[in-house]
Amino acid sequence: MRIVIIGGGVMGCATALSLAQQGARDVLVLERAVPGAEASSAAAGMLAAQIEAHDPGARARFVAAREGYEPFAEELRSLTGIDIGHRRSGALSLARTEEELARLGALVEEQRAAGLSAELVPGGRLTAIEPELGAGFVGGAHYPDEAQVDPPQLLRALVAATARAGVRIRGGTSVASLRVVNDRCTGVVLEGEEAVEADVVVLAAGSWSSLVPGVPASIPKVRPVRGQLVQLEERPPRLRSIVFAGHAYVVPRGDGRVICGATTEHVGHRREVTAGGVHQILGSALAIAPSLASAELARTWSNFRPHADGDAPLVGRAALPGLFLATGHYRNGILLAKATADAVAGAVLG
């Protein structure tokens with residue numbers, strides 16, 4: 001069985017690795033640039049399952065995905081020698097008003113009832129967890145089991161592991177269209193009209209998924225949502241936990257790097273970093289931790305979250321026979337990559 005995967009980001013490479021580990025012997029990944037050049041390398045890498053999930057069903061899936069990362073990190077290290085930066089840094093979700101704190105309190109009680117670690121922290125005790133927090137927060141929710149990875153390191157490890165597993169990756173290769181014969185997807189056509197036949201095609205092209213000609217109109221559209229990010233560096237590192245305040249967050253890597261984000265912009269595939277975006281991010285980050293004002297401004301960048309119409313990720317068998325989906329994960333592509341990869345591989349080979 002030949003399997004072609006469109007997209008060489010974390011989702012595509014994780015799916016390729018899972019397929020190879022489950023017995024697939026002819027797996028080809030097609031990437032229009034270089035693996036991980038898009039959203040995969042630009043993500044903050046949060047495994048914030050309890051904060052990101054908004055209903056009990058999603059929370060159970062997200063927590064399972066988060067807990068699967070520790071053995072996954074060990075597996076990738078043993079296969080490649082690459083440390084993907086997995087660590088349980090914990091996370092704080094801060095409230096500026098009593099109303100916000102009450103909402104957090106209800107979520108904490110719901111999660112504790114489900115057996116998860118969560119604590120409502122009054123304002124006076126917040127600095128016991130993170131001494132560098134700014135003023136103006138009336139309390140917050142602390143989730144000690146939330147974790148993080150370093151996305152560029154994760155992508156490096158996945159590319160190395162897939163190569164060792166016999167997966168072929170073709171960079172600089174653009175897919176002109178799906179190849180459809182007798183109402184079945186039978187491969188892809190590349191730019192230059194080269195046809196690549198396949199028994200199965202997996203669409204894992206992130207924010208570009210809906211731009212591939214031949215994708216059925218019945219599949220929900222995947223649209224780009226730009227997010228700008230800022231990397232600061234402080235020595236020695238002061239922050240320990242991931243900290244959310246509204247839509248803003250800071251993610252300390254533990255080595256002095258601090259990832260601050262992010263904007264949410266519906267601007268198509270425009271990759272600019274804007275003065276307004278950086279101003280917004282830095283203002284929010286300094287409100288969370290004023291000590292970051294003395295940190296070095298090391299890097300700014302942007303990329304696109306793949307948001308599927310209807311909000312749910314697109315995973316598994318598509319309406320077009322021969323086509324499978326692994327896209328549309330919006331803010332949680334890194335968190336759900338391994339779980340999605342295993343689900344899609346199981347569906348393909350099942």
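**Figure 1. Residue classes in the lining of the largest pocket.** The lining of the largest pocket divides into 20 nonpolar, twelve polar and nine charged residues. The model shown here and in the views below is predicted. In total, 41 residues line the pocket. Ile51, Glu52, Ala53, His54 and Arg331 lie nearest its centre. The volume of this largest pocket is about 1200 Å³.

**Figure 2. Elements that line the largest pocket.** Helices H3 (49–52), H4, H6 (98–113) and H10 (333–349) each supply at least two lining residues. H4 gives the most, with six residues.

**Figure 3. Contact of helices H4 and H5.** H4 spans residues 56–67 and H5 spans residues 69–80. Their axes come within 5 Å and cross at roughly 30°. Angles under 35 degrees count as roughly parallel, so H4 is roughly parallel to H5. From H4, the contact involves Ala65, Arg66 and Glu67. From H5, Tyr69, Glu70 and Pro71 meet them. The residues of this contact comprise three nonpolar, three charged and no polar.

**Figure 4. The eight-stranded open sheet.** Its strand order is E5-E6-E4-E14-E15-E16-E13-E17, and the pairing is mixed. E5 (119–122) and E17 (296–308) are the edge strands. Each has a single partner strand, so one side of each is left without a neighbour in the sheet. From one strand to the next, the twist averages 20°.

**Figure 5. Pairing of E4 with E6, and helices on the sheet.** E4 and E6 (residues 139–143) run antiparallel and are joined by five bridges. Serine 93 stands opposite alanine 141 in E6. Helix H6 lies across E4, E5 and E6. H6 runs at about 25° to E6. Helix H9 (residues 275–288) also packs on the sheet. H9 touches E13 (222–233), E14, E15 (248–252), E16 (257–261) and E17. The direction of H9 makes about 55° with that of E13.

**Figure 6. The three-stranded open sheet.** The strands follow the order E9-E10-E11, with antiparallel pairing. E9 (175–181) and E11 (195–197) are the edge strands, and each pairs on one side only. Neighbouring strands are turned by 30° against each other on average, direction ignored. E10 (residues 184–190) and E11 pair in the antiparallel sense over three bridges. In E11, alanine 195 is the bridge partner of valine 189.

Methods. Residues are numbered from 1 along each chain as its sequence is written. This is a predicted model: local features need pLDDT of at least 70, side-chain atom pairs count only at pLDDT 80 or more; totals for chains, interfaces and linings use all residues. Side-chain values use heavy atoms; hydrogens and water are left out. Axes are lines fitted to C-alpha atoms, for helices over the stretch in contact, and angles run from 0 to 180 degrees between N-to-C directions. Helices (H or I, at least four residues) and strands (E, at least two) are DSSP runs, numbered from the N terminus. Angles under 35 degrees count as roughly parallel, over 145 as roughly antiparallel, 65 to 115 as roughly perpendicular and the rest as oblique. Contact means heavy atoms within 4.5 Å. Ala, Val, Leu, Ile, Met, Phe, Trp, Tyr, Cys and Pro count as nonpolar, Asp, Glu, Lys and Arg as charged, and the others, Gly among them, as polar. Two strands pair if DSSP finds at least two bridges between them. On a 1 Å grid over the protein atoms alone, a cavity is a set of points where a 1.4 Å probe fits but cannot get out, and a pocket is an open set with protein on both sides within 12 Å along at least five of seven lines; lining residues have an atom within 4 Å of a point. Grid points are joined across faces, edges and corners, and a volume is the space filled by probe spheres set on the points.
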